[in-house]
Amino acid sequence: SSKRKNKTDKEIIYTRPIIETLTERYNILKTNKIWLKNKEKEFHSELSSILNEYLQYRYKIKSIESTSNETIQQLRSLGINSNIIKDAEHILNFSDMIKFAKQKGIESQHEQALEVLHSFLKQEKISE
């Protein structure tokens, strides 16, 4: 019997720098302001997805398959700057609240989450 390979084993091949792709997704997210169109859940799914992919790329942790708490634990165990952890935790928790607790955020919270995400991506562009 041929055992199916676990899909997490699959190597993702990026045809261009991942930061470019993530920045592009970020720009689309920011421009479309879908949270204003009653799509807060979709907005936060994409926001946290971009953040998790960034964290996985940047710190070589398994954030894509992890819960928010597991992701934060992994970052803490690496001894990463506490401000970065605080920012990441803030976005992930806020996104979880909207996605799972069906809470509503206010405009400034969404804008702020986008700002924080942008600062991560920008940081990376500088250090590439």
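## Salt bridge between helices

E89 has a relative accessible area of 23% and is therefore partly exposed. In this predicted model, the side chain of E89 forms a salt bridge with R76, at an N to O distance of 3.3 Å. R76 belongs to helix α3 (residues 68–77) and E89 to helix α4 (residues 82–100), so the contact ties together parts that are 13 residues apart in sequence. R76 is also partly exposed, because its relative accessibility is 43%.

## Salt-bridge network

The whole structure contains seven salt bridges. Among them are two made by R16: one with E20 at 3.6 Å, N to O, and one with E24 at 3.1 Å, N to O. Shared partners join R16, E20 and E24 into one network.

## Aromatic pairs

Two aromatic pairs are present. The ring centres of W35 and F43 lie 4.6 Å apart with the planes at 65°, so this pair is edge-to-face. W35 counts as buried at 5% relative accessibility, and F43 is buried with a relative accessible area of 0%.

The rings of Y54 and F120 have centres 5.6 Å apart and planes at 15°, so they are stacked. This pair links distant parts of the chain, with Y54 in helix α2 (residues 40–59) and F120 in helix α5 (residues 107–127), 66 residues apart. Y54 and F120 are both buried.

## Charge over a ring

The charged end of K60 is placed over the ring of Y57, 5.2 Å from the ring centre.

Notes:
Residues numbered from 1 in each chain as written. Predicted model: local features only at pLDDT ≥ 70, side-chain atom pairs only at ≥ 80, totals over all residues. Heavy atoms only, no water. Phe/Tyr/Trp six-rings, centres within 6.5 Å; stacked < 30°, edge-to-face > 60°. Buried < 20%, exposed > 50% of the residue type's maximum accessible area, 1.4 Å probe, protein only. Helix = DSSP H or I, 4+ residues; strand = E, 2+ residues; numbered from the N terminus. Lys NZ or Arg CZ within 6 Å of the ring centre and 35° of its normal. Salt bridge = Lys/Arg side-chain N within 4 Å of Asp/Glu carboxyl O.
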